[in-house]
Amino acid sequence: MPSQPLAGVTVLDLSTILAGPLTATLLGEFGADVIKVEQPGTGDPARRYPPLDGDTSASWALLGRTKRSVTLDLHRPGAAEIVGRLAREVDIVVTNFRPDTLRRFGIDFDDLRAYRPDLVMVHVSAFGRTGPYADRPGFARVAEGFAGLTYRTGAPDGPPTFAGYPVADGVTGIYAAFAALLALRQRDLTGEAQLADIPLYEPLLRMMEDFIVDYSATGRSVQREGNRNPHISPNDLYRTRDGCWVAVPASTDRMWERLVEVMDAPDLAVHSSMDARIEHRAEVEARVAAFVAEHDIEPLLARLHAAGIAAGPVNSADQVCADPHIRDRGSIVEVTGADGRRRLVQAPAGRFSGFTGSPGRPAPTLGEHTAEILHDLLGLSRDEIDDLRDRGVV
């Protein structure tokens with residue numbers, strides 16, 4: 001395997017469920033050694049999310065991969081010191097506990113800086129470390145509603161709708177991994193400790209580029225429009241003759257010209273600008289829908305692609321796994337878990353010329369590496385580790 005860019009970087013993962021663990025997993029996929037701290041006896045709640053594969057969540061193969069697991073009860077006396085000693089030995093600490101919880105456990109930024117003066121911490125939380133809502137609990141769906149994503153999602157005549165995936169967790173996990181690398185770079189340049197404060201809602205606001213600027217320009221909030229885009233037409237999901245759905249977003253004037261030609265609809269060419277197509281959206285969308293409805297999906301997509309038109313199917317999970325392009329690029333891989341079971345999981349995204357992302361080590365069993373980490377990293381003896389176990393600390 002080519003050398004990975006984060007080889008030699010060690011990450012302490014003090015987080016649960018999704019956004020924080022995703023941050024650490026992404027770093028692990030490109031070479032970082034990730035040490036995941038989990039509650040003895042139960043571990044990360046994500047281990048028990050259905051559907052279960054044996055007695056473990058099927059998704060744990062993805063959520064837990066690249067990591068070594070050490071159990072540590074943060075409620076117990078002495079646990080904070082162990083976290084501090086671990087922080088001394090690592091490059092990055094990732095956490096998603098609420099700020100007041102970190103303070104109560106004695107493992108907040110300033111606490112850990114006592115062990116490592118040039119500490120890098122990435123703190124993912126619902127609302128951030130500052131402001132009147134800093135200590136409120138929150139998950140992805142709360143953040144999505146708070147940031148306005150839920151408000152604008154759904155049919156115009158229906159209620160707000162969650163996206164099919166907790167978008168805030170995914171976007172924030174990716175953004176926080178980016179922030180970790182920025183903080184690490186800044187620490188290396190300055191020698192100073194770095195704290196990246198990443199609330200779940202802020203990456204969503206950054207992602208929804210039109211939401212605030214539109215309001216600033218017009219004084220009105222973007223409303224729910226179903227699958228339609230307020231700035232682009234045609235832009236919808238259209239049903240084919242054989243009952244499939246395709247996305248056809250004509251996002252440029254040139255794409256629209258190609259679509260008009262394929263549709264053999266020269267009368268529609270009069271709507272040559274995006275403003276004109278938005279003004280006549282009902283006519284434009286209806287004509288495209290009628291055209292798509294006349295064709296089965298495979299010949300339709302072949303025809304559109306031959307004309308240089310961006311269009312694609314709406315795939316189910318089985319269609320994603322069977323797609324020849326996805327299979328050819330290795331976007332989904334089969335891995336063997338620590339329990340010996342084979343599972344399909346998503347591969348690291350993107351391809352690079354000088355290195356590669358890798359699923360890395362399989363998702364660990366709970367506490368699988370506790371003794372190894374406490375001995376190798378902290379120098380604890382077997383008797384000292386046994387004593388910690390007897391006291392319920394690990």
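Predicted model: local features only at pLDDT ≥ 70, side-chain atom pairs only at ≥ 80, totals over all residues.
The protein comprises 17 helices and 13 strands. Along the principal axes, its C-alpha atoms occupy a box of roughly 85 × 50 × 40 Å. Of the 394 residues in the protein, 45% are buried. Among contacts with a separation of 6 or more, 69% are accounted for by residues 24 or more positions apart.

Helix α7 (residues 167-190) was examined in its packing with helix α1 (residues 19-29), where the two axes come within 8 Å and cross at roughly 50°. This angle makes α1 oblique to α7. The crossing in which α1 passes α7 is right-handed. On the α1 side, the contact is made by A19, L22, T23, L26 and L27. On the α7 side, it is made by D169, G170, T172, G173, I174, A176, A177, A180 and L181. By residue class, this contact of α1 with α7 divides into nine nonpolar residues, four polar residues and one charged residue.

Helix α7 also packs with α6, at an angle of about 90° and with the axes 7 Å apart. The two helices are therefore roughly perpendicular, as the range for that class runs from 65 to 115 degrees. Here α6 contributes A140, A143 and E144 to the contact, while α7 contributes V167, A168 and D169. The residues of the contact of α6 with α7 comprise four nonpolar, no polar and two charged. D169 of α7 is listed in the contact with α1 and is also listed in the contact with α6.

A further helix pair is formed by α10 (residues 253-263) and α12 (residues 281-293), whose axes come within 11 Å and cross at roughly 50°. At this angle α10 is oblique to α12. The crossing of α10 and α12 is left-handed, whereas α1 passes α7 in a right-handed crossing. From α10, the residues W256, L259, V262 and M263 meet V284, R287, V288 and F291 of α12. The contact of α10 with α12 divides into seven nonpolar residues, no polar residues and one charged residue.

Buried positions were then considered in helix α3 (residues 79-89), where A79, I82, V83, G84, L86 and A87 are buried. These buried residues of α3 pack against both strands and helices: β1 (10-14) and β6 (92-95) on the one hand, and α5 (109-113), α16 (370-376) and α17 (382-390) on the other.

The segment before β1 contains V9. With a relative accessibility of 13%, V9 counts as buried, since the cut-off for that class is under 20%. When neighbours within four places in sequence are left aside, the contacts of V9 are A32, D33, D91, I92 and L184. V9 and L184, although 175 residues apart in sequence, have their C-alpha atoms 9.8 Å apart in space.

Aromatic pairs were identified by a search of the whole structure, which finds 10 of them. In one of these, formed by F127 and Y201, the ring centres are 6.4 Å apart and the planes stand at 40°, so the pair is tilted. The pair joins distant parts of the chain, as F127 lies in the loop between β7 (120-125) and α6 (140-147), Y201 lies in helix α8 (residues 201-207), and the two are 74 residues apart. Both F127 and Y201 are buried. A second pair is formed by F352 and F355, whose ring centres are 4.5 Å apart and whose planes stand at 15°; the pair is therefore stacked. F352 is partly exposed, its relative accessible area being 41%. F355 is likewise partly exposed, with a relative accessible area of 24%. F127 and Y201 also belong, together with Y133 and F146, to one aromatic cluster.

Notes. Residues numbered from 1 in each chain as written. Heavy atoms only, no water. Axes fitted to C-alpha atoms, helices over the stretch in contact; angles between N-to-C directions. Helix = DSSP H or I, 4+ residues; strand = E, 2+ residues; numbered from the N terminus. Parallel < 35°, antiparallel > 145°, perpendicular 65-115°, else oblique. Left-handed = near helix turned anticlockwise from the far one by under 90°. Contact = heavy atoms within 4.5 Å. Nonpolar A, V, L, I, M, F, W, Y, C, P; charged D, E, K, R; others polar. Buried < 20%, exposed > 50% of the residue type's maximum accessible area, 1.4 Å probe, protein only. Phe/Tyr/Trp six-rings, centres within 6.5 Å; stacked < 30°, edge-to-face > 60°.
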